[in-house]
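This report describes a predicted model.

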Amino acid sequence: MKERHKKIVYKLLFTLALALVVFLFWILKLNCVWRELLHIPCIGCGMTRAYVALFHGEVGQAFAYHFMFWSVPILLSYVYLDGKLTKNKTLNCTVLIVIGIGFLVRWILWFV
């Protein structure tokens, strides 16, 4: 198998594994491991509920659960495109920094 095809297969397996973990957490109604161990929410707490709300057409509720839910497709694109969302490296870094700041702001807001 060519190296390029191996990368694609690994990325697909990564995405499927991630989706399976989220699905299992949702189906089994498991709580966030981070929250259970440290008694504080993790940086992604609320993301599963946000996507469930989004899939039910409740966009406002999705934003209420975790307003960074929109960034997951961008981050997955970043992984699939080998870190090349655009041809401009500065723009790629800026997008990642904005997403990182957004997650950090969301996490800080849990405590306010």
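**The largest pocket**

Helix α1 contributes the most to the lining of the largest pocket, with 9 residues. The volume of this pocket is about 1200 Å³. Its lining comprises 32 residues, of which Val22, Gly44, Met47, Thr48 and Arg49 are the closest to the centre. The elements that supply two or more residues to the lining are α1 (3-27), α2 (33-38), α3 and α5.

By residue class, the lining of the largest pocket consists of 23 nonpolar, 6 polar and 3 charged residues.

**Aromatic pairs**

In one of them, the ring centres of Tyr51 and Phe69 are 5.9 Å apart and the planes stand at 90°, so the pair is edge-to-face, the class for angles over 60 degrees. This pair joins distant parts of the chain: Tyr51 belongs to helix α3 (residues 47-55), while Phe69 is in the loop between α4 (59-65) and α5 (71-80), and the two are 18 residues apart. Tyr51 and Phe69 are both buried.

Phe69 also pairs with Phe63; their ring centres are 4.8 Å apart and their planes lie at 70°, so this pair is edge-to-face as well. Phe69 has a relative accessible area of 6% and is therefore buried, whereas Phe63, at 41% relative accessibility, counts as partly exposed. Ring pairs connect Tyr51, Phe55, Phe63 and Phe69 into a cluster.

**A charge over a ring**

Arg35 lies over the face of Trp110, at 5.1 Å from the ring centre.

Conventions
Residues numbered from 1 in each chain as written. Predicted model: local features only at pLDDT ≥ 70, side-chain atom pairs only at ≥ 80, totals over all residues. Heavy atoms only, no water. Phe/Tyr/Trp six-rings, centres within 6.5 Å; stacked < 30°, edge-to-face > 60°. Helix = DSSP H or I, 4+ residues; strand = E, 2+ residues; numbered from the N terminus. Buried < 20%, exposed > 50% of the residue type's maximum accessible area, 1.4 Å probe, protein only. Lys NZ or Arg CZ within 6 Å of the ring centre and 35° of its normal. 1 Å grid on protein atoms, 1.4 Å probe; cavity = no way out; pocket = protein on both sides within 12 Å on 5 of 7 lines; lining within 4 Å. Points joined across faces, edges and corners; volume = space filled by probe spheres on them. Nonpolar A, V, L, I, M, F, W, Y, C, P; charged D, E, K, R; others polar.
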